[in-house]
Amino acid sequence: METMLLVLQFLADPYHLALILGGTFVGVLVGALPGLGSVILIALLLPFVVRMEPVAGIALCGIVYCATIYGGSITAILINTPGTAAAAATTFDGYPLAERGEAGRALGVATFSSAIAGIIGILVMIVATPLLARIAYQFGPAEYFALAVFGMSMLASISGKSVIKNFIAGAFGVLLATMGTDLTTGIERFTFGQADLSEGIRPVQMMIGIFAGGELLRQATLSGVQRNIVADAVAKLPSNADFKRLWKTVLRGSGIGTFIGILPAEGGTVAAMVAYNEEKRWSKNRDEFGYGAIEGVAAPESANNAATGGTMVPTLALGIPGGGSTAIILTAMLILGLRPGPQLFTDQPNLLAGLFGAMLGANICFLVLGMVGAKYFSRITLIPTTILWPMVFCLAALGAYSLQQNMFDVGIMLFFSALGYLMKRHGYAPAPIVMGLILGELIESSLKQSYLIYDGNLFAILQQPIALAFLVLAVLGVASPFIAKGIGALREKRTSK
């Protein structure tokens, strides 16, 4: 109760309200720009943050962190280009909705799901941070390895029509994750003599290429196809029936996002993929997924925004950053003389209340901003493709270049643009490659650490209860499409008789 009173006190200050409004607007704008995101924005703000009063400075970091995660959904829906990695799963159904003239509906669903789940995640963070931190503390290398394998098992049903093609693409993504210098041995792998590959391939350049560049090439092949999109339908927001249909999806996504968010090194990207897959697995309308199901937008958006609150848990309670953004926030706290840990909750209640209040205010702010702006954002889809997609491609190239001011990154983007186009043409979904690249590094590092901890006995992983549970779930996840197919075949035989 005392914490909630301090949160309300923080929100009653006009300076803090102005900070929330300005930070949210900038965060949404930057989040919508492919290649940028919360990590870059918080890093750019760091010199200013460390000169601010500690409560306001850390609060500003929390504000832009929440806003950029939501902002990534705007371009993911409108132009099939996720502004942030966490919005990659939103493209699966968000862009098909925009293609059929329902961009406003998709944006409204994303805004509603993001804000409600973000608020739920922050409320959980306020109430249960110490308890959730203890749960996260139980995860070691074996548990992280099993969790990553469980994530990879979702390739069986995450997208596309062919399970085999999904696993082939996922395996290619894992192979890409091994490129670069092995931190254990110092040996360079698959760099082909290119110094720029010594740190491996970053997910951002690959996603910009596969989604934005691949879609540009696909649109080029459709230049003679006439688009019939009704302007009134484009700007139409979700109906009350849509919101009623989504509340269970948002609650499930919030739970998944909060849980995965508290695990260091996981974060919103994995949470969104897991939530999308689980929603598709249990949905009565699973055949609509990939073709414009609103649940396919709500699930990943609720999970990646709920994860923002979750990732702050190990950062505040254990001093272990839950991701790149929280690592910079942790750096800012240390520079300001704040030491994360259990004592932070008793020594700095005003700081925690300010952070909680700022993130809560940011979610409310972008809920209003998104619902009001959705009608205007959605009209981007009315721009002729011959004008829109060259502009998108220039923006994508700029986003790839901006990370390190390196033309080699633009070349990587172009390579994956061609690869993304060829994959779609031959029935391979791009999502499994992204998931393989993101989880591949975690699989390799956690497996090596487990090997060292258990003296080469990898079967010891099966002796860890949490790890064993995730591995069993992974096996069931891989087998579930085949089991469902077998059950369907038996039913058909019985009905035919």
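User: At what angle do helix α8 and helix α19 pack, and how far apart are their axes?
Analyst: Helix α8 (residues 163–177) and helix α19 (residues 431–453) pack at about 40°, and their axes are 7 Å apart. That makes α8 oblique to α19, since angles under 35 degrees count as roughly parallel, over 145 as roughly antiparallel, 65 to 115 as roughly perpendicular and the rest as oblique. The axes are lines fitted to C-alpha atoms, for helices over the stretch in contact, and the angles run from 0 to 180 degrees between N-to-C directions. Helices (H or I, at least four residues) and strands (E, at least two) are DSSP runs, numbered from the N terminus.

User: Before we go on, what kind of model is this?
Analyst: This is a predicted model, in which local features need pLDDT of at least 70 and side-chain atom pairs count only at pLDDT 80 or more, while totals for chains, interfaces and linings use all residues. Residues are numbered from 1 along each chain as its sequence is written, and side-chain values use heavy atoms, with hydrogens and water left out.

User: Back to α8 and α19: which hand does the crossing have?
Analyst: The crossing of α8 and α19 is right-handed; a crossing is left-handed if the near helix is turned anticlockwise from the far one by less than a right angle, and right-handed if clockwise.

User: And which residues meet there?
Analyst: From α8 the list includes Asn-166, Ala-169, Gly-170, Phe-172 and Gly-173, and among their partners in α19 are Pro-432, Ile-433, Gly-436 and Gly-440. Contact here means heavy atoms within 4.5 Å.

User: What about α11 and α12, how do those two pack?
Analyst: Helix α11 (residues 240–261) and helix α12 (residues 268–282) pack at an angle of about 145°, with 9 Å between their axes, and their crossing is right-handed. On the α11 side Thr-249, Arg-252, Gly-253, Ile-256, Gly-257 and Ile-260 take part, meeting Val-270, Ala-271, Val-274, Ala-275, Glu-278 and Glu-279 in α12.

User: Let's zoom out. How many helices and strands are there, and what share of the residues is buried?
Analyst: The protein has 20 helices and 2 strands, and 55% of its 497 residues count as buried. Buried means under 20% relative accessible area, exposed over 50%, and partly exposed in between (1.4 Å probe, protein chains only).

User: What about the surface and the contacts across the chain?
Analyst: The accessible surface comes to about 21,500 Å², of which 67% belongs to carbon and sulfur atoms; accessible areas come from the Shrake-Rupley method with a 1.4 Å probe, and for residues, only the protein chains shown count as cover. Among contacts with a separation of 6 or more, 78% are accounted for by residues 24 or more positions apart.

User: Can you show me an example, say Leu-97: where is it, and is it buried or exposed?
Analyst: Leu-97 is in helix α5 (residues 91–99) and counts as buried at 0% relative accessibility. Leaving aside residues up to four places away in sequence, Leu-97 touches Glu-102, Ala-103, Arg-105, Ala-106, Gly-292, Ile-294 and Val-297.

User: And Pro-96, which residues does that one touch?
Analyst: Pro-96, found in helix α5, touches Thr-91, Gly-290, Tyr-291 and Gly-292, again not counting residues up to four places away in sequence. Pro-96 is buried, with a relative accessible area of 17%, and its C-alpha is 5.0 Å from that of Gly-292, at 196 residues in sequence.

User: New topic: how many disulfides does the structure hold?
Analyst: The structure holds 0 disulfides, where a disulfide is a pair of cysteine sulfur atoms within 2.5 Å. As for individual cysteines, Cys-61 is buried, with a relative accessible area of 1%, and Cys-365 is buried at 16%.
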